[in-house]
Amino acid sequence: MKKLQVGDLAPQFTLLNQDNQPISLIDFKGKKILVYFYPKALTPGCTTQACGLRDAKNELAKLGVVILGISTDAPKKLAQFVEKKALNFTLLSDENHQVAEQFGVWGEKKFMGRTYDGIHRISFLIDEQGKILHVFDKFKTGEHHQVVLDYLHSL
């Protein structure tokens with residue numbers, strides 16, 4: 001697993017969103033984009049992280065940031081996540097984990113003594129020109145939104 005670094009060009013992609021509509025990274029050219037990868041919709045940690053971003057969305061929008069959440073969940077599951085947690089941003093389905101692999105966040109994980117491949121909880125802030133501005137990979141799920149806001153305020 002070789003994750004993208006600051007200064008790297010973000011890979012272009014198109015994925016289906018929670019409404020089964022294709023969304024491309026290029027759709028947001030000229031804006032800052034927080035692309036956050038999370039393991040699984042409707043699980044405790046992912047819910048905490050998503051709700052934090054939901055509650056910070058207006059402040060992030062004022063700073064010119066669009067939020068895109070990516071997991072390997074199917075669009076139908078993403079739609080349930082959005083509905084149950086009143087999420088106010090786009091979730092994308094990377095069922096075959098191609099985009100996760102391009103960003104370098106797909107790899108070996110260990111949980112409860114089991115080893116398996118999955119998405120690592122890493123976020124990328126992409127600048128208006130499509131380059132990685134910052135990589136967030138060390139945070140608690142409940143503090144993710146604040147870590148992102150703190151970084152943006154430091155710019």
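Visitor: Is Gln146 buried, partly exposed or exposed?

Guide: This is a predicted model, and in it Gln146 counts as partly exposed because its relative accessibility is 37%, which lies between the 20% and 50% limits.

Visitor: Which helix is Gln146 in?

Guide: Gln146 belongs to helix α4, which covers residues 144-154. The C-alpha atom of Gln146 is separated by 14 Å from that of Ile67, a residue 79 places away along the chain.

Visitor: Switching to Ile70, where is that one, and is it buried or exposed?

Guide: Ile70 is found in strand β4, and Ile70 counts as buried because its relative accessibility is 0%, where buried means under 20%.

Visitor: What does Ile70 touch?

Guide: Leaving aside residues up to four places away in sequence, Ile70 touches Phe13, Leu15, Val35, Tyr36, Phe37, Tyr38, Leu92, Asp94, Val99 and Ile119. As for distance along the chain, Ile70 and Ser93 are 23 residues apart in sequence, with their C-alpha atoms 6.1 Å apart in space.

Visitor: OK, and Phe37, which residues does that touch?

Guide: With residues up to four places away in sequence again not counted, Phe37 touches Ile70, Val99, Ala100, Phe103, Val105, Ile119, His120, Arg121, Ile122 and Phe124.

Visitor: How many residues are in the largest nonpolar core, and which have the most contacts inside it?

Guide: The largest nonpolar core has 25 residues, and Phe37, Phe103 and Phe124 are those with the most contacts inside it. At least two residues of this core come from each of β3 (32-37), β4 (65-71), α3 (98-103), β8 (123-126) and β9 (132-136). Another core, of 24 residues, lies apart from it, and its members include Ala56, Phe81, Leu87 and Leu149. As background, nonpolar side chains in soluble globular proteins tend to be buried together.

Visitor: What about the turn, how many residues sit between β6 and β7?

Guide: The hairpin has 2 residues between β6 and β7, and Met112 in the turn has a positive phi of about 50 degrees.

Visitor: Why do Leu42 and His97 count as partly exposed?

Guide: Leu42 counts as partly exposed because its relative accessibility is 29%, and His97 is partly exposed because its relative accessible area is 22%; partly exposed begins where buried, under 20%, ends.

Visitor: Last topic, the largest pocket: how much space lies in it, and which residues line it?

Guide: About 300 Å³ of space lies in the largest pocket, and its lining consists of Pro39, Lys40, Thr72, Trp106, Lys109, Lys110, Phe111, Tyr116, Asp117, Gly118 and Ile119. The elements giving two or more residues to that lining are β6 and β7, the two strands of the hairpin.

Visitor: How many of the lining residues are nonpolar, polar or charged?

Guide: By class, the lining of the largest pocket has 5 nonpolar, 2 polar and 4 charged residues.

Key:
Residues are numbered from 1 along each chain as its sequence is written. This is a predicted model: local features need pLDDT of at least 70, side-chain atom pairs count only at pLDDT 80 or more; totals for chains, interfaces and linings use all residues. Side-chain values use heavy atoms; hydrogens and water are left out. Two strands pair if DSSP finds at least two bridges between them. Helices (H or I, at least four residues) and strands (E, at least two) are DSSP runs, numbered from the N terminus. A nonpolar core is a set of buried Ala, Val, Leu, Ile, Met, Phe, Trp, Tyr and Cys residues joined through side-chain atoms within 4.5 Å. Buried means under 20% relative accessible area, exposed over 50%, partly exposed in between (1.4 Å probe, protein chains only). Contact means heavy atoms within 4.5 Å. On a 1 Å grid over the protein atoms alone, a cavity is a set of points where a 1.4 Å probe fits but cannot get out, and a pocket is an open set with protein on both sides within 12 Å along at least five of seven lines; lining residues have an atom within 4 Å of a point. Grid points are joined across faces, edges and corners, and a volume is the space filled by probe spheres set on the points. Ala, Val, Leu, Ile, Met, Phe, Trp, Tyr, Cys and Pro count as nonpolar, Asp, Glu, Lys and Arg as charged, and the others, Gly among them, as polar.
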